[in-house]
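Look at the structure first, then read on.

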4 protein chains.
Amino acid sequence: LYVDRIKEGDIVILMDDEGRKLRVRAEKVTKKVKGLGVANLGKLLEASFGDRVTVAAKEFTVLRPSIVDSIETMERRAQIIVPKDAAYILLHCDIGSGSLVVEAGSGSGALTTVLAWAVAPNGKVVSYDNREEHQAVARRNIERAGLSGLVEWKMGDLTEGIVETGVDAFVLDIGNPWDGVDTAAKALRKGGHLATFSPTANQVETTVKAMRERGFVGIQASELIHREMVVIDGGIRPSFDMRGHSGYICIARWLG
Amino acid sequence: LYVDRIKEGDIVILMDDEGRKLRVRAEKVTKKVKGLGVANLGKLLEASFGDRVTVAAKEFTVLRPSIVDSIETMERRAQIIVPKDAAYILLHCDIGSGSLVVEAGSGSGALTTVLAWAVAPNGKVVSYDNREEHQAVARRNIERAGLSGLVEWKMGDLTEGIVETGVDAFVLDIGNPWDGVDTAAKALRKGGHLATFSPTANQVETTVKAMRERGFVGIQASELIHREMVVIDGGIRPSFDMRGHSGYICIARWLG
Amino acid sequence: LYVDRIKEGDIVILMDDEGRKLRVRAEKVTKKVKGLGVANLGKLLEASFGDRVTVAAKEFTVLRPSIVDSIETMERRAQIIVPKDAAYILLHCDIGSGSLVVEAGSGSGALTTVLAWAVAPNGKVVSYDNREEHQAVARRNIERAGLSGLVEWKMGDLTEGIVETGVDAFVLDIGNPWDGVDTAAKALRKGGHLATFSPTANQVETTVKAMRERGFVGIQASELIHREMVVIDGGIRPSFDMRGHSGYICIARWLG
Amino acid sequence: LYVDRIKEGDIVILMDDEGRKLRVRAEKVTKKVKGLGVANLGKLLEASFGDRVTVAAKEFTVLRPSIVDSIETMERRAQIIVPKDAAYILLHCDIGSGSLVVEAGSGSGALTTVLAWAVAPNGKVVSYDNREEHQAVARRNIERAGLSGLVEWKMGDLTEGIVETGVDAFVLDIGNPWDGVDTAAKALRKGGHLATFSPTANQVETTVKAMRERGFVGIQASELIHREMVVIDGGIRPSFDMRGHSGYICIARWLG
């Protein structure tokens, strides 16, 4: 899986010794790189993953992007899903190698990236959005993450019904997830999972009611609060800096 | 992936209409089943996954176990890892299809189960423990989850060094994770990840210091607080019932 | 303030050496005491606060009830306010010695107890409720806490308007706090504070909107999550046991 | 209590219509006021509390400072205690009108301010610090809050023993609270309370052990996590902005 030599066009992570990350494309050019200034990236082509290289007079380790690297260095429109929430959805929806997953909307492709990574190498993610400019960003991000072969893009409003059936997991990251609950019920296989992600309590309430009404079981609405702990001189304590909220996750199961 | 017919020996989940789960083995016997009383399980062999069956005068849907089903219905010694924490470790350690993972200890096999599920179908989990009776429970649980082919069991104290190299991720769920940090550094490939899981703040402090000293980068100690939201007549609120703590997770990266 | 001798009729706390509390009335009787069995309480009359006494063959320290003792040993109907929330309301509403406070409803008198304690010795709490049986419990609890002189009880629906004016703080612990916002605005002095306490997010939303519409300023909706830390052999960690939620607090200020 | 006319020298809060606060001294001068530019403050002397006044071309309501106003507009050195934590300490230590309280250190006087406010009009706070420059700031803040008559300042290291006895509550907001536990035990009356406030988990661990060893009972270590809820178009959710941590509070009781 982990081939050594860096090839022309590879997306690589340059990590400095404090763990800070830059994402660049390995190519024979000298160009302006955000966070680096003007840099000659051609020398990356003489390196292997794991090597130390000096770019723009600074030392880095060159890494093949991990899934979290890909998300953290992604081109983004508005807010993207946080890894903790994406991870929770994956596990609770049983999304693994070989799964068939439908998601809406494509957003900036952050969740798409995680889903595609999880279903590799044989599964598939079908990603719906009704705004072309959003899906364009998502496509670019998926391409850079090297996951294009795992995603099928569809324009359109998923709440009006879709052609997919036998779906293992259905993920709704749209403003009105309740409107997608019926579509999900029709597309999911027996035992398949539905997940929604929404910032407000009201959205969760409406979604849970729609799930109940449509006959989903095992419905659970949750929030994951992420707290960093810092080790300072003399001890350990929670960080003073904290993101107060990302969103609520609803998980439900379809018994058909 | 999802073959329909239930075969002799299959582990299945019987889910009732409220989403409660029982795990049983499909076999031609009448026996006492925890939570059901005396039940004839032979009729499961005439069903397919997704079917409704009546067992011990109660109706169920028969499901192929999801990864969360497997963990929730697992035979356990002491506390096992909670899905939210396992999911966080998977994603932040970039553990996916094909990964080579080393873990210690085997515990009851809950984390092993999640790791094996994540690396399927081509990866491998090497699970170390120095207590035979623990690993015996873990082995049974992995066998029931149908993941035996993905796990290699080793008896011994991982803190004394191991033979594995080029490891993608190293997971320490032992009381003294700091003692495994050097072993992890030697076994990990460049760019590989180390995760530890510990209940006390003191363990985190010692672990983070050991990681710093050994040269790991991108060290982050975190806690995930899981909060359930309940939809009641008249509104939505956080649940009054809550698990106050599971443990802290430390993630670090090895640049070699 | 802290007179030594225990007098007939005094409510006292018997605290054992682990800090567990019993509330009894000091009187020359032998009676069944919850948590003690049959006990002769007459000997309390020969003791002073702070003394060690043996009651029902067990040793206790006799204490004058603190405000938290009073709440924790209170007769209760349904859920009562938690000290952390009561304390937050006191400080953020500037409720101190001499304040004039209006509250609704009386509930079991837990919040009334804290308010009366805070305005002592010269302030006043006016407590409204429209259910006689609730207010009867509240009155008994306030009497036992020795705070009767500080509370005026009123039967009636505060949302229909009240006679009080120049009120320093207004506290609504009712199911429909938004319906009391106009009454509060009319009763509060300039610079006075309004606090509400509600379990659901929907109640908070409606309340905040009503406050905004009526012209309150400095509106802040908050939740206080209380987490206990436990010191065990080998370290410190958050408690596994935790109450997930008590309620949300809204604070606002009236500029007239 | 709430006299109307503003007098020369009064500290007043100018609150704008969004609830933002400025603290100024009412005096016949034109001077630079932080947040206002050059302003003529003399016109405040013609107003009463609750009046609308125009200062530096902006409209304000003039308020007598609440306890939270005093803390929020305080001159500060380093971090000061957060109102939620101060309120929790007050209630759990039974600090009310008439209490005798000892605190160390004086810090910037934020906690001193809350304690003095709570014991008014007849109680007393004795505030120890061993750094003159800290206590000077605390004194100025207490003077501005109009609470000077309730506080006695002492220079010195409280951990070496103090002269006070019969103390109702003892509050330690110093880096090494465990070193004050013995002094507290000697000074407290039977049934009196000890509170400590510390940012790290290690400090809590050492403090709890010192309290246990010295014979305190009812020891409880806690953290209060404050979460703001925001009402936006379309719903309510926790705020994205959040302070991750202030500190841990330990409460214990002395039975003598």
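The report below covers the cavities, then the cysteines, of this predicted model.

## The largest cavity

The count comes to five cavities of 30 Å³ or more. The largest has a volume of about 150 Å³. It is lined by 16 residues. Closest to its centre are Leu90(A), Trp117(A), Leu90(B), Trp117(B) and Ala118(B).

In chain A, helix 2 (83–92) and helix 3 (110–119) each supply at least two lining residues. The lining has 12 nonpolar residues, four polar ones and no charged ones.

## The second largest cavity

This cavity has a volume of about 110 Å³. Chains C and D line it. From chain C come Leu90(C), Ile95(C), Gly96(C), Ser97(C), Trp117(C) and Ala118(C). From chain D come Leu90(D), Ile95(D), Gly96(D), Ser97(D), Trp117(D) and Ala118(D).

Helix 3 (110–119) of chain C and helix 3 (110–119) of chain D each supply at least two of the lining residues. Eight residues of the lining are nonpolar, four are polar and none is charged.

## Cysteines

A disulfide is a covalent bond between the sulfur atoms of two cysteines. How many disulfides does a search of the whole structure find? It finds zero, over all chains.

Take Cys93(A), which is in no disulfide. Its nearest cysteine sulfur belongs to Cys250(A) and is 11 Å away. Cys93(A) counts as buried because its relative accessibility is 1%.

Cys250(C) is in no disulfide either. The nearest cysteine sulfur, that of Cys93(C), is 11 Å away. With 1% relative accessibility, Cys250(C) counts as buried.

Methods:
Residues are numbered from 1 along each chain as its sequence is written. Chains are lettered from A and ligands numbered from 1 in the order in which they are written. This is a predicted model: local features need pLDDT of at least 70, side-chain atom pairs count only at pLDDT 80 or more; totals for chains, interfaces and linings use all residues. Side-chain values use heavy atoms; hydrogens and water are left out. On a 1 Å grid over the protein atoms alone, a cavity is a set of points where a 1.4 Å probe fits but cannot get out, and a pocket is an open set with protein on both sides within 12 Å along at least five of seven lines; lining residues have an atom within 4 Å of a point. Grid points are joined across faces, edges and corners, and a volume is the space filled by probe spheres set on the points. Helices (H or I, at least four residues) and strands (E, at least two) are DSSP runs, numbered from the N terminus. Ala, Val, Leu, Ile, Met, Phe, Trp, Tyr, Cys and Pro count as nonpolar, Asp, Glu, Lys and Arg as charged, and the others, Gly among them, as polar. A disulfide is a pair of cysteine sulfur atoms within 2.5 Å. Buried means under 20% relative accessible area, exposed over 50%, partly exposed in between (1.4 Å probe, protein chains only).
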